[in-house]
Amino acid sequence: MNYAYLSAGILIVVVAVIHSVAGEIFLIRSVLKLDLREAPIGELLAKRTLRMAWHATTVIALGTAVLTFQLAAAEDSDSRIAHVLGAT
């Protein structure tokens with residue numbers, strides 16, 4: 001067990017959760033209250049795109065955490081990392 005990778009994976013998960021929750025509460029909800037009717041792509045699409053992009057970053061971070069945990073777990077992690085990369 002590589003404890004450096006394990007610590008990094010835990011830190012990534014914590015940061016991803018904070019990013020998702022704090023971003024939703026403090027940023028996304030505030031922006032969604034703005035009048036975006038004049039957005040080139042339309043108000044509804046602009047708001048949905050913003051929320052999707054914000055949370056997609058969290059999903060990418062969590063996928064990175066899974067890869068980091070795989071690296072921490074064992075020496076034969078190449079095939080497991082390939083499966084995680086394929087799933088994300």
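What pLDDT does the chain average, and what share of the residues score at least 70?

**View 1. The whole chain, a predicted model.** This is a predicted model, and the chain averages a pLDDT of 87, with 90% of the residues scoring at least 70. Confidence is highest in helix H1 (residues 3–32), where the mean is 94, and lowest in helix H3 (residues 78–87), where the mean is 67.

**View 2. The surface and interior of the chain.** Of the 88 residues, 22% count as buried. The accessible surface of the chain comes to about 6200 Å², and carbon and sulfur atoms account for 68% of that area. Now look at how the chain meets itself: among contacts between residues at least 6 apart in sequence, 56% join residues at least 24 apart.

View 3. Glutamate 24 belongs to helix H1 and arginine 51 to helix H2 (residues 43–73), so the pair ties together parts that are 27 residues apart in sequence. By the rule used here, the count for the model is three salt bridges, and the next view shows two other pairs.

View 4. Arginine 37 meets aspartate 35 through their side chains, at 2.8 Å from N to O. Arginine 37 is exposed, with 61% relative accessible area. In the other pair, the side chains of lysine 47 and glutamate 43 form a salt bridge at 3.0 Å, again N to O. These two residues are four apart in helix H2, which means that about one helical turn separates them. Lysine 47 counts as buried, at 18% relative accessibility, because the cut-off for buried is under 20%. Glutamate 43 is partly exposed, at 27%.

**View 5. Helix H2 from end to end.** Which residues of H2 are buried? They are Ala46, Lys47, Thr58, Gly63, Ala65, Leu67, Thr68, Gln70 and Ala72.

**View 6. Threonine 58 and its neighbours.** Threonine 58 is found in helix H2 and is buried, with a relative accessible area of 8%. Leaving aside residues up to four places away in sequence, threonine 58 touches Ala16, His19 and Ser20. Isoleucine 18 is 40 residues from threonine 58 in sequence, and their C-alpha atoms are 9.3 Å apart in space.

**View 7. A nonpolar patch on the surface.** Val17, Val21, Ile25 and Phe26 form this patch, and together they have about 390 Å² of accessible area. Phenylalanine 26 has its place in helix H1. With 65% relative accessible area, phenylalanine 26 is exposed.

How values were computed:
Residues are numbered from 1 along each chain as its sequence is written. This is a predicted model: local features need pLDDT of at least 70, side-chain atom pairs count only at pLDDT 80 or more; totals for chains, interfaces and linings use all residues. Side-chain values use heavy atoms; hydrogens and water are left out. pLDDT is the predictor's confidence in each residue, from 0 to 100. A salt bridge is a side-chain nitrogen of Lys or Arg within 4 Å of a carboxyl oxygen of Asp or Glu. Buried means under 20% relative accessible area, exposed over 50%, partly exposed in between (1.4 Å probe, protein chains only). Contact means heavy atoms within 4.5 Å. Accessible areas come from the Shrake-Rupley method with a 1.4 Å probe; for residues, only the protein chains shown count as cover. Patches are made of residues with over 30% relative accessible area and no salt bridge: like charges are joined within 9 Å, nonpolar side chains (Val, Leu, Ile, Met, Phe, Trp, Tyr) within 5 Å.
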